Amino acid sequence: SGGKVHMKINKSRVRYLKNYKSKLVTTYKDVKIIYFYKKGVVLDCKCGKIKRKYDKRLNDEGYVVIGEKDGEIVEESNNFVEPIHSRLFQLKIERIYWYFLKCCFYWKCQGIDARVYLEKVNEAKVVISENEIKVDETSWCCISEKIWIERGGFYIDKAFSGGTPREIYLNAQKYHCRLKQGMSCLKVEKQGIKPGRYECVCDPDVTGFLVHEIVGHAAEQDMIDSERSKFRNLYGEKVASEIVNISDDPFMPKHVATFKIDDCGNIGEKTDIIVNGVFCNGIKNYRRESHQKRTYTRMSNTFLKPGTSCVKEMIGSIVDGYFLVNPDYGREDTENLYTYIVVKLAVRVKNGQFTGEFYKNVIISGDGLEIFRNITMISEKIELSGGGFCRKGESDSIKVSCGGPFIKTILEIR
């Protein structure tokens, strides 16, 4: 307090901050750092419950309560400031969560019995260098569901993101209708699937999991530079089918890993990792869990691009194989690209028709790149979800989204 401001701010840049209040905080003796936070509150709270409030200025962007449900607030904070990077006199980055809310409610309708978590986050990342201020404001909403499937006696975990709360709610309803129709195919539960190589159609969640675990982790540039990734020797080499195109895009609007400025203050970069089956680029965006962690090159929104096939055609082309739904967990192996992924449900398909037989907790294993080399069909639409976290080793959890279209490939399952 009372010290001079050593950081010269270009006045022309201040106009970008008109929606922010500012507060001077003294750190490091007489050096002052400026924190910013957004004006306004998203919703009212009363007695631990979410109170519905309508404000035309907010439109759907400001709504946390959707449909006809009230929810119990699990966690909430306003104007939370987290310093995530400090270089004295040179660069300061602040991640400001000017609104964060997580609530929980139960969804029992349309034959769906689910526990639902809804997260709503608005944050602003402010980068202050000697002569300029850069502001990166993002807002995202995510619905994560744990859906009880009574016919099979198991849970499906499903997440929705990439839109306003209202848009996500409508996507969830569409998925519930699709899920209800699909579950009618489950007639006889079988034990112990016969190990082997089968033609399989993977749903978008399984596709995204394959992309994330096999390609995404190994394509992070620090893994390549430290020679801990097999991709270090595969630049310009064909690693997948010609119809396979995989990208990492931090600019996709309203997803959980969307940003314009990374956690080192650099402008974010879209990465085309695999183009027409050829490995081209590593991911160079830096992210970190908190100010207590290091920055690493990390994934953001990673996905397989759409193709031209329809799902019915893909299933109809299977002679003897499986339709795989909902990944559970998996492990990456960046040096060998060997994969190990557990899928919650495998539905038997024979001569293009569902037989009614299904298996739970099926394991996909083997050469990861071979899975992408064997892709012969890709559906026309992609779906991304960001309900989970990604770890670098045993720590540093950050929000990411992944996904893609339905794919047909040959998998080694057991």
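In this predicted model, Lys146 has Asp157 of strand β9 as its bridge partner. That bridge belongs to the pairing of β8 with β9 (residues 154–161), which runs in the antiparallel sense over 8 bridges. Between the two strands the hairpin has 4 residues, and within this hairpin Gly153 takes a positive phi near 70°.

Strand β8 also pairs with β7 (residues 112–128), again in the antiparallel sense, and here the pairing extends over 16 bridges. In this pairing Ile128 stands opposite Ile133 of β8. The two pairings of β8 are set out below.

| Strand pair | Sense | Bridges |
|---|---|---|
| β7 (residues 112–128) and β8 | antiparallel | 16 bridges |
| β8 and β9 (residues 154–161) | antiparallel | 8 bridges |

How many of the 17 residues of β8 are buried? The count is 12 for this strand, which covers residues 133–149, and because buried means under 20% relative accessible area, β8 is largely enclosed by the rest of the structure. As a general point, the side chains of a regular strand alternate between the two faces of the sheet.

For the protein as a whole, the secondary structure comes to 5 helices and 26 strands, and 53% of the 414 residues count as buried. The protein exposes about 19800 Å², of which carbon and sulfur atoms supply 47%.

How values were computed. Residues numbered from 1 in each chain as written. Predicted model: local features only at pLDDT ≥ 70, side-chain atom pairs only at ≥ 80, totals over all residues. Heavy atoms only, no water. Buried < 20%, exposed > 50% of the residue type's maximum accessible area, 1.4 Å probe, protein only. Pairing = 2+ DSSP bridges. Areas by Shrake-Rupley, 256 points an atom, 1.4 Å probe, with all protein chains shown as cover.
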